[in-house]
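Visitor: I would like to learn how to read a few features of a protein model. Could you take me through one?

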Amino acid sequence: MEEEVRDLRSALRRLQQTPGQLITTDVEVDPKAELSGVYRHVGAGGTVMRPTKEGPAMIFENVKGHSGTKVAIGILASRKRVGLLLDCPPEELGKHLYRSVTNPVPPVLAKGPAPCQEVVHRAGDPDFDLHRLVPAPTNTPDDAGPYLTMGMCYATHPDTGRSDVTIHRLCIQGKEELSIFFTPGARHIGAMAERAEELGQKLPISISIGVDPAIEIGSCFEPPTTPFGYDELAVAGALRGEPVALCQCVTIPERAIANAEYVIEGEILPHVRVKEDQNSHTGYAMPEFPGYTGPASSQCWMIRVTAVTHRSNPILQTCIGPSEEHVSMAGIPTEASIYGMVEKAMPGRLLNVYCTSAGGGKYMAVLQFRKREASDEGRQRQAALLAFSAFSELKHVFLVDEDVDLFDMNDVLWAMNTRFQGDVDVITIPGVRCHPLDPSNDPAFSPSILDHGIACKTIFDCTVPFDLKENFIRARFMNIDRKKWENEL
């Protein structure tokens, strides 16, 4: 019987048993730019500058300056691999996540010792130094510093007592200091920190690294699918059919993910802001999902670290910001959000959704729509409008018919070339707030853009008008007996 995936190590064992999904190396690698530079060629994919490709996950077993630790990268950098780890066909992942959101299983506090606390390092100890304790990579020579890119940040609202998990940009700033970047108004923990600051309080926070992939995928849901107060750990619980186990932190009144490889405990300080590149002075932060290295923020919040706990011989999990890994983590929950919104409005019409690699999982979606009757004409465009309302960061929507493989962009562009006319099938919605990391969303790009982060959302309707469907039937090939030809196929 195949081992269930419940943490990073069981996930790695499953990948190891699947040909072509995991490689390891004992060649010494420098975490400063070299590690990401190597994986760019192995399997980063996504919006990473070419040459790159989609490939296996990778474990670096010999990390310079960090004996006894390993770094794993690319665990989710393949839709096929995500399906393998979530026990779901890759093309059904969006629907699978949507069902999990609607049937949440809340986390529970586990009994007994937590695996993540096998080794405990407390701030204030003579040898306590985040740089030494955590082999965090610096992704490029331009980065502000070493980043934790796969930290599951967990905190509790000071008024409501409700907790939430999200992923944020975390840069090591000192022996006991991390900076955390909050996109204004976008993340729940940012709102918690703002409220704690209003109260003049520190906000306890745990950062769990190296966890069950179901937690990493589930943590990337956003409103309106998971509104304020919804703990996304409940999505992972639904995906696994059992609650996520939490443990009590050793130095702060907060909980962490019990089977994580690492946990960093700390407090977000009120009324303290730091410049992200205060040590490197590069002017840049780290590579972000659109494929560009984002500017360093001068308004990062500060986390005073109180402890680092970890398993024996821990494995740090990391990712490259623009890689296919981001497409999986951001894109699949977005697919679930769009599918759920449209399915409620017009059941049975939207067959599937794909948030493409080219859009980093956020900017672009392909909607596969079925027109069942004449009155469905025009509903496909309504579906696109619902997609925009379900996910504000979405910029472009492509609409295709049921005979188009939405996961194959060549097929989508075929539909655009044979079923699309620019003067009638482009619908533009200018002046809408989108995403600040898109460098074209800026007044310098076009005088029509009033403020940075505003975009023109666009629908590309590549569907056939209902009354012309008979004129657009694809060439029909013989259905074959696949068993007869299985060796060749």
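Visitor: Where in the chain is methionine 478 placed?

Guide: First, please keep in mind that this is a predicted model. Methionine 478 sits in the segment after strand S23 (454-461).

Visitor: Is methionine 478 buried or exposed?

Guide: The test is relative accessible area, and exposed means over 50%. Methionine 478 has 72% relative accessibility, so it counts as exposed.

Visitor: Which residues make the nonpolar surface patch?

Guide: Met478, Ile480, Trp485 and Leu489 make it, and the patch covers about 480 Å².

Visitor: Let us turn to pockets. What is the volume of the second largest pocket?

Guide: The general idea is that rolling a probe the size of a water molecule over the atoms shows where empty space is left. Here, the second largest pocket has a volume of about 320 Å³. It is lined by 14 residues, and those closest to its centre are Arg40, Val48, Met49, Thr140 and Pro287.

Visitor: Which helix gives the largest share of the lining of the second largest pocket?

Guide: Helix H2 (residues 34-42) does, with three residues. By residue class, the lining of this pocket divides into six nonpolar, six polar and two charged residues.

Visitor: Now to charged pairs. How many salt bridges does the structure hold?

Guide: To read one, look for a side-chain nitrogen of Lys or Arg within 4 Å of a carboxyl oxygen of Asp or Glu. The structure holds 36 of them. One of these joins the side chains of glutamate 267 and lysine 202, at 3.8 Å from N to O. That pair links distant parts of the chain, 65 residues apart: glutamate 267 is in strand S14 (residues 262-274), while lysine 202 is in the loop between helix H6 (188-198) and strand S11 (203-209). Lysine 202 is partly exposed, with a relative accessible area of 47%.

Visitor: Which parts of the chain does the pair of glutamate 261 and arginine 311 tie together?

Guide: Their side chains meet in a salt bridge of 3.8 Å, N to O. Glutamate 261 lies in the loop between strand S13 (255-257) and S14, and arginine 311 in the loop between strand S17 (300-310) and strand S18 (315-318), so the bridge ties together parts 50 residues apart in sequence. Glutamate 261 and arginine 311 are buried.

Visitor: Are arginine 419 and aspartate 401 buried or exposed?

Guide: Both are buried. They form a salt bridge, with the closest N and O atoms 3.1 Å apart. Arginine 419 belongs to helix H11 (residues 409-419), and aspartate 401 to the loop between strand S21 (396-400) and H11, 18 residues away. Salt bridges can also be read as a network: Glu2, Arg14, Asp87, Asp212 and Arg240 are linked in one.

Conventions: Residues are numbered from 1 along each chain as its sequence is written. This is a predicted model: local features need pLDDT of at least 70, side-chain atom pairs count only at pLDDT 80 or more; totals for chains, interfaces and linings use all residues. Side-chain values use heavy atoms; hydrogens and water are left out. On a 1 Å grid over the protein atoms alone, a cavity is a set of points where a 1.4 Å probe fits but cannot get out, and a pocket is an open set with protein on both sides within 12 Å along at least five of seven lines; lining residues have an atom within 4 Å of a point. Grid points are joined across faces, edges and corners, and a volume is the space filled by probe spheres set on the points. Helices (H or I, at least four residues) and strands (E, at least two) are DSSP runs, numbered from the N terminus. Ala, Val, Leu, Ile, Met, Phe, Trp, Tyr, Cys and Pro count as nonpolar, Asp, Glu, Lys and Arg as charged, and the others, Gly among them, as polar. Patches are made of residues with over 30% relative accessible area and no salt bridge: like charges are joined within 9 Å, nonpolar side chains (Val, Leu, Ile, Met, Phe, Trp, Tyr) within 5 Å. Accessible areas come from the Shrake-Rupley method with a 1.4 Å probe; for residues, only the protein chains shown count as cover. Buried means under 20% relative accessible area, exposed over 50%, partly exposed in between (1.4 Å probe, protein chains only).
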